[in-house]
Amino acid sequence: MNAIDLDLVPALKRAVEDDALVVHYQPEVDLASGGVVGMEALLRWQHPRRGLLWPVDFLTVAERAGLLPSLGWEVLRRGAKELASWRSLPPGGDGSPRQLWVNASASQLLQVDFADRLAGLIAEFDLLPGTLGIEITEETLATGSKHAPALLNELREAGVVLAIDDFGSWYSSLGTLGDLPIEAVKLDRSFVRGVGSDLDDDSIVSSVIALAHAHGIRVVAEGVESWAEGARLCELGCDRALGYLFSGPQLPEHARMMMAHGSGWTAPEQRKSVDGKLARPTLDA
Ligand code: G
Ligand code: MN
């Protein structure tokens, strides 16, 4: 650990106690309707001197100091409370209740009472079934023990829905997709960058979508930044997406506003102009 890292450990411990950790919410957009169907919860740390820090700035330190489970728990508790408040919003997107997706680290998954605590949260905040989602990276799943499928089943039984995060960034076999009790895969943004321009990326995304759909699994694209990427993903049948094209992570009150008003996205097939050419969109969000 270098000097800065050591300096961060006590500060991080204090931050957990002093409410200096903040959760931002990034909209997940239904590509067919443009509705905001959910959010991904993302942790930030308001450091007294260094400003707003992103997980990449402090997660390694948190992990070494054994703080990851308590940080993860903070995000879950705050997120669950926020999710409960969304019930009063008008329905949007595809009409299903809004979901909140929270990233879980390997160390959290290893906690023996993780599933019980999730069930406790769902009961405490009276969360609607299927609305609290847990994202587990493909790497965590692939490098985890052979007990991973059993663990996923335990989490499902606790009442949460599951997604594989950063899908395609690791080397797990596509063939195992149908064996996992998951609701969605989140396509790694490295593939999203190549849709419509890189033949390999385009084919990979298209195959993942076909395979996922064959198993009733939804496909969510991460890190969509350009209209061309969004349009191509729509063409390929991708269900949902997140990214700066729609919105970066937002403060809770802004996130609620976006859920009420939609993302401003319109699917390309609804944009055909009179002469049959695609009209370039304006995002009005
Ligand atoms: O892998 P995961 O989905 O947990 O990553 C989320 C991270 O990606 C967040 O820190 C978020 O701020 C960042 N992010 C969100 N949208 C975009 C995007 O469109 N482009 C890039 N490069 N990063 C994004
Ligand atoms: Mn994620």
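Which backbone N or O atom lies 2.9 Å from an oxygen atom of ligand 1? The atom belongs to Tyr 244. Keep in mind that this is a predicted model.

Side chains reach ligand 1 too. A polar side-chain atom of Arg 189 is 2.6 Å from an oxygen atom of the ligand. In Gln 26, an N or O atom of the side chain lies 2.9 Å from a nitrogen atom of ligand 1. The protein covers much of the ligand: alone, ligand 1 would expose 520 Å², and 80% of that is buried by the protein.

Now look at the whole shell. Ligand 1 is surrounded by 16 residues. Asp 166, Arg 189, Glu 222, Glu 225 and Tyr 244 are the closest. By type, the shell holds 7 charged, 5 nonpolar and 4 polar residues. Strand 2 contributes the most, with 3 residues.

Next, step back to the space itself. Ligand 1 takes up the largest pocket. Two elements give two or more residues to the shell around the ligand: strand 2 (36–47) and strand 6 (161–167). The volume of the largest pocket is about 1,000 Å³. Its lining counts 36 residues, and those closest to the centre are Glu 40, Leu 42, Pro 55, Leu 59 and Asn 103.

What makes up this lining? It divides into 16 nonpolar, 11 charged and 9 polar residues. Several elements supply at least two residues each, among them helix 2 (55–64), helix 3 (68–85), strand 4 (99–103) and strand 5 (132–137). Strand 2 gives the most here, with 5 residues. Strand 2 also gives the most to the shell around ligand 1.

Terms used: Residues are numbered from 1 along each chain as its sequence is written. Chains are lettered from A and ligands numbered from 1 in the order in which they are written. This is a predicted model: local features need pLDDT of at least 70, side-chain atom pairs count only at pLDDT 80 or more; totals for chains, interfaces and linings use all residues. Side-chain values use heavy atoms; hydrogens and water are left out. A residue is near a molecule or strand if one of its heavy atoms lies within 4 Å of it. A polar contact is a pair of N or O atoms within 3.5 Å; within protein, one must be able to donate a hydrogen and the other to accept it, and residues adjacent in sequence count only if both atoms are side-chain atoms. Accessible areas come from the Shrake-Rupley method with a 1.4 Å probe; for residues, only the protein chains shown count as cover. On a 1 Å grid over the protein atoms alone, a cavity is a set of points where a 1.4 Å probe fits but cannot get out, and a pocket is an open set with protein on both sides within 12 Å along at least five of seven lines; lining residues have an atom within 4 Å of a point. A molecule sits in a cavity or pocket if more than half of its atoms lie within 2 Å of its grid points. Helices (H or I, at least four residues) and strands (E, at least two) are DSSP runs, numbered from the N terminus. Ala, Val, Leu, Ile, Met, Phe, Trp, Tyr, Cys and Pro count as nonpolar, Asp, Glu, Lys and Arg as charged, and the others, Gly among them, as polar. Grid points are joined across faces, edges and corners, and a volume is the space filled by probe spheres set on the points.
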